[in-house]
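Dear colleague,

I am handing over the structure below, together with an account of what was found in it. Please keep the model open while you read, so that you can look up each residue as it is named.

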Amino acid sequence: MTAGGPTELELAGRVVELVRRLGGPAAQAEAVVTRADLALTRFANSAIHQNVAESTVGVRLRLHVDGRTAAGSGSVVTTDGLHALVARTLAAARLCPPD
């Protein structure tokens with residue numbers, strides 16, 4: 001993330017650690033964290049009319065536990081948001097038929 005926030009690698013590490021803690025030592029996880037910085041400037045009569053910028057972070061999680069695989073994604077990278085992502089992906093894996 002930006003100034004002072006966790007990096008993408010740190011966020012991925014948090015997700016993997018949450019999977020290990022909530023899913024047990026046999027759970028396997030793949031976490032992909034992406035960040036997109038978008039900006040738009042509009043001009044009217046040779047002057048800046050509108051200037052907007054946005055930075056977004058996305059987390060994709062694929063996990064394998066007890067012979068079952070599930071995937072989930074989210075954009076809330078707070079501690080509670082990451083915990084919710086892992087919990088709902090683990091719940092989805094438990095509902096899937098074995099691979």
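Val 86 has its place in helix α2, where helices (H or I, at least four residues) and strands (E, at least two) are DSSP runs, numbered from the N terminus. Before going further, please note that this is a predicted model, in which local features need pLDDT of at least 70 and side-chain atom pairs count only at pLDDT 80 or more, while totals for chains, interfaces and linings use all residues. Residues are numbered from 1 along each chain as its sequence is written, and side-chain values use heavy atoms, with hydrogens and water left out.

To return to Val 86, this residue is buried, with a relative accessible area of 0%; here buried means under 20% relative accessible area, exposed means over 50%, and partly exposed is in between (1.4 Å probe, protein chains only). If its neighbours within four places in sequence are left aside, Val 86 is in contact with Val 15, Leu 18, Val 19, Leu 22 and Leu 61, where contact means heavy atoms within 4.5 Å. Between Val 86 and Ala 27, which are 59 residues apart along the chain, the separation of the C-alpha atoms is 11 Å.

The helices

Two packed helices are described by the angle between their axes and the distance between the axes. In this model, helix α1 (residues 8-23) packs with helix α2 (residues 79-95) at an angle of about 50°, and their axes are 10 Å apart. The axes are lines fitted to C-alpha atoms, for helices over the stretch in contact, and the angles run from 0 to 180 degrees between N-to-C directions. The helices α1 and α2 are therefore oblique to each other, given that angles under 35 degrees count as roughly parallel, over 145 as roughly antiparallel, 65 to 115 as roughly perpendicular and the rest as oblique. The crossing in which α1 passes α2 is right-handed, a word used if the near helix is turned clockwise from the far one by less than a right angle, with left-handed used if anticlockwise.

Which residues of α1 and α2 meet? On the α1 side they are Leu 11, Arg 14, Val 15, Leu 18, Val 19, Leu 22 and Gly 23, and on the α2 side they are Leu 82, His 83, Val 86, Ala 87, Leu 90 and Arg 94. Sorted by class, this contact of α1 with α2 has nine nonpolar, two polar and two charged residues; Ala, Val, Leu, Ile, Met, Phe, Trp, Tyr, Cys and Pro count as nonpolar, Asp, Glu, Lys and Arg as charged, and the others, Gly among them, as polar.

The strands and a loop

Ala 29 lies in strand β1 and is partly exposed, with a relative accessible area of 31%. Apart from neighbours within four places in sequence, Ala 29 is in contact with Val 19, Leu 61, Arg 62 and Leu 63. One of these, Arg 62, lies in strand β2 and is partly exposed as well, with a relative accessible area of 45%. Not counting residues up to four places away in sequence, Arg 62 touches Gln 28, Ala 29, Glu 30, Thr 69, Ala 70 and Ala 71. The C-alpha atoms of Arg 62 and Ala 93, which are 31 residues apart along the chain, are separated by 9.5 Å.

Phe 43, also in strand β1, is exposed, with a relative accessible area of 59%, and is in contact with Ile 48 and His 49 when neighbours within four places in sequence are left aside. In the loop between β1 (28-44) and β2 (47-65) we find Asn 45, which has a positive phi of about 55° although it is not a glycine. Ser 46, in the loop between β1 and β2, likewise has a positive phi, of about 60°, without being a glycine. Asn 45 counts as exposed at 80% relative accessibility, and Ser 46 counts as exposed at 81%.

The whole chain

The protein chain has two helices and three strands, and its elements run α-β-β-β-α from the N terminus on. Its radius of gyration is 18 Å, well over the 13 Å that the globule rule gives for 99 residues, so the chain is more spread out than a compact globule; the radius is taken over C-alpha atoms, and the rule is 2.2 Å times the number of residues to the power 0.38. Taken along the principal axes, the C-alpha atoms fill a box of roughly 65 × 30 × 20 Å. Of the 99 residues, 25% count as buried.
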